[in-house]
Amino acid sequence: MIDGNTRLIAHIGYPTHAFKAPLIYNPWFEQSGVNVVVVPMGCKAENFPEFLKCLFKLSNIQGALITMPHKVRVKDLVDELLPTAQIAGACNAVRIGSKGQLQGEMFDGEGFVRGLRNKGLTLKGVRALIVGCGGVGSAIAASLAAAGADCLKLFDSSPVSALDLASRLQVHFPKLRILQQDNSPEGCGLVVNATPLGMLDDDPLPMNVAAISPSSFVGEVVMREKITPFLHACIAKGCRVQIGLDMLFEQIPAYLEFFNLPVASSGVLRRLSKLPE
């Protein structure tokens, strides 16, 4: 039930047809009696700066979820970029801070890492390969570094993206070992596809699966289907895996904390979710 006291979380991106957040947040808000609603808002890139500014003039705005194509641009539109977003070079959540300033943070990496920990993976000292150094890959790299990873191998089809990410990581984690532009998974206990490869039927695999050890843990960010072709190939080798949707569910408790709202566990969110099977 929406009434005059309802607080608003805007879910901003374009196009909106694939948005999943309203189907996860809103059932929990309703069940728990939290008078907040997540509303998808389709905003094209050329209108985004002006729209974001106007949005946060609303008296009942609780915050905003930011998705493609705005995750990188929004970092230049907020007053304060929090640490993970600084390293990622992008952010996916905006709120009003205690002094009225717009604060931006990035939670893709936090969700990814929470999912790994819940599956029993030890991250301290891990050697990880991250293929894809855009917003989501950068966020995962930042969260793995904060979790105590020993070495990160970074690869991107644009070498400049990997170089820039490495530079940002070194500022915050000077002792972290970083290798660039090597997408071989050999010797890596954790392997991550942080590229869009897998969104289309004819996409190639993001790396040489034959070189992945059966003892490696493999993570995916693509959410088009539960088990992507990349994960199918890794499961066939005997690897343990994390699906893209796990990252989404696991980051929502962190979002709720950021928005100063009551927190639900990822298990409760999954149970109440209206996502199609």
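Visitor: Why is strand 7 largely enclosed by the rest of the structure?

Guide: In this predicted model, strand 7 covers residues 127-131. A residue counts as buried when its relative accessible area is under 20%. Strand 7 is largely enclosed by the rest of the structure because, of its 5 residues, the number buried is 4.

Visitor: Which residue of strand 8 stands opposite Ile130?

Guide: Strand 7 pairs with strand 8, residues 151-155, in the parallel sense and over 5 bridges. Between the two, the chain passes through helix 5, residues 135-146, in a β-α-β crossover that is right-handed. Within this pairing, the residue of strand 8 that stands opposite Ile130 is Leu154.

Visitor: Which element gives the most to the lining of the largest pocket?

Guide: The largest pocket, with a volume of about 1100 Å³, is lined by 35 residues, and those nearest its centre include Thr67, Lys71 and Met223. The elements that give two or more residues to this lining are strand 3, helix 5 and helix 8. With 5 residues, the element that gives the most is helix 8.

Visitor: How many residues in the lining of the second largest pocket are charged?

Guide: The second largest pocket has a volume of about 450 Å³, and among the residues closest to its centre are Phe249 and Glu277. Its lining has 9 nonpolar and 2 polar residues, while the number of charged residues is 6.

Conventions
Residues are numbered from 1 along each chain as its sequence is written. This is a predicted model: local features need pLDDT of at least 70, side-chain atom pairs count only at pLDDT 80 or more; totals for chains, interfaces and linings use all residues. Side-chain values use heavy atoms; hydrogens and water are left out. Buried means under 20% relative accessible area, exposed over 50%, partly exposed in between (1.4 Å probe, protein chains only). Two strands pair if DSSP finds at least two bridges between them. A crossover is right-handed if, with the strands pointing away from the viewer, the path from the first strand over the helix to the second runs clockwise. On a 1 Å grid over the protein atoms alone, a cavity is a set of points where a 1.4 Å probe fits but cannot get out, and a pocket is an open set with protein on both sides within 12 Å along at least five of seven lines; lining residues have an atom within 4 Å of a point. Grid points are joined across faces, edges and corners, and a volume is the space filled by probe spheres set on the points. Ala, Val, Leu, Ile, Met, Phe, Trp, Tyr, Cys and Pro count as nonpolar, Asp, Glu, Lys and Arg as charged, and the others, Gly among them, as polar.
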